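Subject: Structure handover

Hello,

Here is the structure I promised you. Please open it first, then read the notes below.

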Amino acid sequence: MDTTDALDPRDRPDPLGRPDLLEPLGRPDPLDPVGRLIAERVCERLIVEFVRTLDLGEPGDVAELFTPDGVWEWAEGDRRIEGRDALRAYFAGRPADRLSRRLCTNILVTLTSASTATASTYFTTYRVDGHTGGMLPPRLPVQVGRYEDTFREVDGRWLLTARELFLDFAGPTERLSPADARTGA
């Protein structure tokens with residue numbers, strides 16, 4: 001019978017030769033391998049939360065994912081929004097009848113210090129205005145590009161400090177006619 005389960009965790013043999021792994025879990029050091037993975041995963045989740053909130057939530061709420069002095073910027077068109085209040089107003093101002101879905105891939109997060117990180121993410125956006133419900137026939141994407149993000153840990157929470165959007169392909173957002181919106185055409 002194996003009696004190692006009855007031992008105090010600090011007395012239990014560690015097959016990996018890493019007794020520090022048996023210590024109680026505290027706040028991981030982001031510069032150790034496990035802490036690095038956790039910080040990178042938290043930033044990756046933030047990227048996904050951003051697009052999910054825009055597509056399925058209350059768009060203005062994405063402002064809470066930024067630091068108070070956070071910045072959203074488009075490389076083309078001189079569009080730059082600074083500060084949480086301005087971000088909230090900007091994102092909340094999108095049309096109420098907009099249907100959008102964003103797909104994100106190739107998310108690469110890089111820790112740059114114990115409390116900062118960067119990320120690059122490819123995205124594709126499908127979007128129409130004038131949607132009143134129901135499924136629509138397939139459409140081409142209106143945007144394909146990448147996000148370049150910077151993150152900072154503030155009071156134990158990782159947040160976006162800046163998001164810059166680069167478009168490789170872009171077109172206008174289609175507005176459905178009232179008849180198309182009703183029939184899903």
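First, a cut-off: a residue is buried under 20% relative accessible area, exposed over 50%, and partly exposed in between. Arg152 has a relative accessible area of 31%, so Arg152 is partly exposed. Keep in mind that this is a predicted model.

**Overview**

The protein chain has three helices and seven strands. Along the sequence they follow the pattern α-β-β-α-β-β-β-β-β-α. The chain has 185 residues, and 34% of them count as buried. Its accessible surface is about 11,300 Å². Carbon and sulfur atoms hold 55% of that surface. Take the contacts with a separation of 6 or more: 58% of them join residues 24 or more positions apart.

**Helix α2**

Which residues of helix α2 are buried? They are Arg84, Leu87 and Phe91, and the helix itself covers residues 84-92. Seen down the axis of α2, these buried residues fall within an arc of 60 degrees, so they line one face of the helix. Asp85 and Ala89 sit on the other side of α2, where they are exposed.

What do the buried residues of α2 pack against? Their partners are α1 (33-56), β1 (66-74), β2 (79-82) and β6 (157-170). Look at Phe91 in particular. Leaving out residues up to four places away in sequence, Phe91 touches Phe50, Leu54, Pro59, Gly60, Val62 and Trp72.

**The core**

In soluble globular proteins, nonpolar side chains tend to be buried together. Here the largest nonpolar core has 26 residues. Among those with the most contacts inside this core are Leu87 and Phe91, along with Phe50, Trp72 and Trp158. Several elements give two or more residues to the core: α1, β1, α2, β3 (99-111), β4 (116-129), β5 and β6. The largest share comes from α1, with seven residues.

**Salt bridges**

Side chains of opposite charge can pair when their charged atoms come close. The structure holds 13 salt bridges.

- Glu44 and Arg41 form a salt bridge, with the closest N and O atoms 3.9 Å apart. The two are three residues apart in helix α1, so about one helical turn separates them. Glu44 is partly exposed, at 30% relative accessibility. Arg41 is also partly exposed, with a relative accessible area of 44%.
- Arg88 and Glu64 meet through their side chains in a salt bridge of 2.1 Å, N to O. Arg88 lies in helix α2 and Glu64 in the loop between α1 and β1, so the pair ties together parts that are 24 residues apart in sequence. Arg88 is partly exposed, at 28% relative accessible area. Glu64 counts as partly exposed, at 32%.
- Asp69 forms a salt bridge with Arg152, the closest N and O atoms being 3.6 Å apart. Asp69 is partly exposed, with a relative accessible area of 48%.

Best wishes

Conventions. Residues numbered from 1 in each chain as written. Predicted model: local features only at pLDDT ≥ 70, side-chain atom pairs only at ≥ 80, totals over all residues. Heavy atoms only, no water. Buried < 20%, exposed > 50% of the residue type's maximum accessible area, 1.4 Å probe, protein only. Helix = DSSP H or I, 4+ residues; strand = E, 2+ residues; numbered from the N terminus. Arc of directions from axis to C-beta. Contact = heavy atoms within 4.5 Å. Salt bridge = Lys/Arg side-chain N within 4 Å of Asp/Glu carboxyl O. Core = buried A, V, L, I, M, F, W, Y, C linked by side-chain atoms within 4.5 Å. Areas by Shrake-Rupley, 256 points an atom, 1.4 Å probe, with all protein chains shown as cover.
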